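Take a moment to turn the model around on your screen before you read on.

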Amino acid sequence: MENTQKDGKVRFFSGKEIPLEMHKVRVVQKLNLLPIEERKKAIEEAGFNTFLLQNKDVFLDMLTDSGTNAMSDNQVAAMMVADDSYAGSFSYTKLEKAVADVFNQKYFLPVHQGRAAEHIISQAFVTKGKIVATNYHFTTTKAHIELAGGKVVEIYTDEALKIKSDHPFKGNMDTKKLEDLINSNGASSIAFIRFEAGTNLIGGQPFSMQNMKDVWKISRRHNIKVLMDISLINENLYFIKTREKGYGDKSIREILHEMMSYTDFAYFSGRKVSCTRGGGICTNDKAIYMQMRDLVPLFEGFLTYGGMSVREIEAMAVGLYETLDMNVISHSPQFIKYAVDAFVEKGIPVVTPAGGLGCHLDAGGFIPHVPQTEYPAGALAAAVYIISGVRGMERGTISSVRDENGNDIPADVELLRLAFPRRVFTLSQVKYMEDRVTWLYKNRELVGGLEWVEEPPVLRFFVGKLKAKANWPEKLVKQFRKDFGDSL
Ligand code: F0G
């Protein structure tokens, strides 16, 4: 049955806005909360890089929402009846049907995860010197477009990079900039326009249906293809339904089908959208499908599995249908909003309005005494782990690169992303995170900067190692013990 409340929220007598889990937990995994001294040791051994922590040393893993979401009982049950065959698997037929029903797309190509779709699409549609115009890049997307010889041009609005904003659709494209780009370069220089739903790197921010419609019109006038990255479509759907005029009374299916009518083709990371592991590309255009079809057996696997296990394919088919359930897609944004509102209330700098994917602390505003040359977002990620066991992801200058003279290119914003894997954490765990971050904010002057010990030349944020300047973690541990006694 469809959830009849427009915003998916259950009202409370107290008038308080409390996100309510519309599921119960039936399988659990034990967590470890190490004493702070051991957490300090673990982050030192990990070179102050949260990617290098061992999960056994992590209490709440908020590194990413990718491949870490909870599956439903129906998804797990479906995995038990998987039809294991190299070609013509019945499990695949179910997935193809789910893509047709849920996304309203006729042709489907399975791949092993989102970036594999980006690889196939870039190889098929991007040639040397071609431009991909996008609302904002994603790391792997950009890498694949550039690998194929193309160039990414971002055409976000002025609102997109503001930390504090009340704009409901920070993920919108600037249509004027898009027209200018087309006019100055010529339509034929543009490989395609890429719309990323729930725009990841600017804080899980959505675009509006109106913006899609406007971009679609421009694309038809100039005969340019539109591609949509629907990895984070769940939350974008939720925000269109709850924030955009005229969509409150529409079903999620209607909204999704309308969105899909403004794109020529789309791809997704199943690690996000269906709470599984895998991905896919879909379209209603046979010519587009044919341009990519033969690359799938070459890079991924035969057309009826695309590098995925049949068990994941079964779970994905069920997971895609669950995208149409307001109870499912409202869970994560409501929890994120709860955390963001709590931080805003305490004056803790955080990206607003609350988006999907996670809660993004503004490290620049949190520890302004740490200069960008000493990596405030990385330092904050390490400090949050030390005082709470919560693992977030640095999204600042460490995730950036150096210029040709070897100087750091400072990131536009220094963010610490605390991702909310879907249906994984309880409200008390979120409150715990919020409580510890609040304590850290009160003691923020104790947090210092970082410097490199081992800096890889490419994608340094994944495996690079750093150390703390002036032994600030020691001071943090001392203050923690003073305030929390023998608490973990
Ligand atoms: N598109 C978006 C919007 C993503 O967020 C991701 C992955 C991908 C594509 C690539 O998909 O990981 O399945 O290959 N985002 C992850 C994250 C890695 O942590 O935000 P993938």
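This is a predicted model: local features need pLDDT of at least 70, side-chain atom pairs count only at pLDDT 80 or more; totals for chains, interfaces and linings use all residues.

**Around the ligand**

A nitrogen atom of the ligand lies 2.7 Å from an N or O atom in the side chain of D229. Residues are numbered from 1 along each chain as its sequence is written, and side-chain values use heavy atoms, with hydrogens and water left out.

Now look for N200, whose side chain has an N or O atom 2.8 Å from an oxygen atom of the ligand. For K272, the distance from a side-chain N or O atom to a ligand oxygen atom is 3.0 Å. Taken alone, the ligand exposes 470 Å², and the protein buries 95% of that (areas come from the Shrake-Rupley method with a 1.4 Å probe; for residues, only the protein chains shown count as cover).

Which residues come nearest to the ligand? They are T64, R115, N200, D229 and S269, out of the 16 residues around the ligand; a residue is near if one of its heavy atoms lies within 4 Å. This shell divides into one nonpolar, eight polar and seven charged residues. Here Ala, Val, Leu, Ile, Met, Phe, Trp, Tyr, Cys and Pro count as nonpolar, Asp, Glu, Lys and Arg as charged, and the others, Gly among them, as polar. Helix α4 (114–125) gives the most to the shell, with three residues. Helices (H or I, at least four residues) and strands (E, at least two) are DSSP runs, numbered from the N terminus.

**Rings that meet**

A pair of aromatic rings is described by the distance of the centres and the angle of the planes. Rings of Phe, Tyr and Trp (its six-membered ring) pair if their centres lie within 6.5 Å; planes under 30 degrees apart count as stacked, over 60 as edge-to-face and the rest as tilted. A search of the whole structure finds 21 aromatic pairs. Y92 and F108 are stacked, because their ring centres are 6.2 Å apart and their planes stand at 20°. Y92 lies in helix α3 and F108 in strand β2, so the pair ties together parts that are 16 residues apart in sequence. Y92 counts as buried at 5% relative accessibility, and F108 at 3% (buried means under 20% relative accessible area, exposed over 50%, partly exposed in between; 1.4 Å probe, protein chains only).

W439 and F484 pair edge-to-face, with 5.5 Å from centre to centre and 65° between the planes. W439 sits in helix α17 and F484 in helix α19, so this pair joins parts 45 residues apart in sequence. W439 is buried at 10%, whereas F484 is partly exposed at 21%. The charged end of R436 sits over the ring of F484, 4.6 Å from its centre; this label needs NZ of Lys or CZ of Arg within 6 Å of the ring centre and within 35 degrees of the ring normal.

**Two single residues**

Finally, find A116 in helix α4, where it is buried at 4% relative accessibility. F169, in the loop between β4 and α6, is buried at 6%.

Conventions. A polar contact is a pair of N or O atoms within 3.5 Å; within protein, one must be able to donate a hydrogen and the other to accept it, and residues adjacent in sequence count only if both atoms are side-chain atoms.
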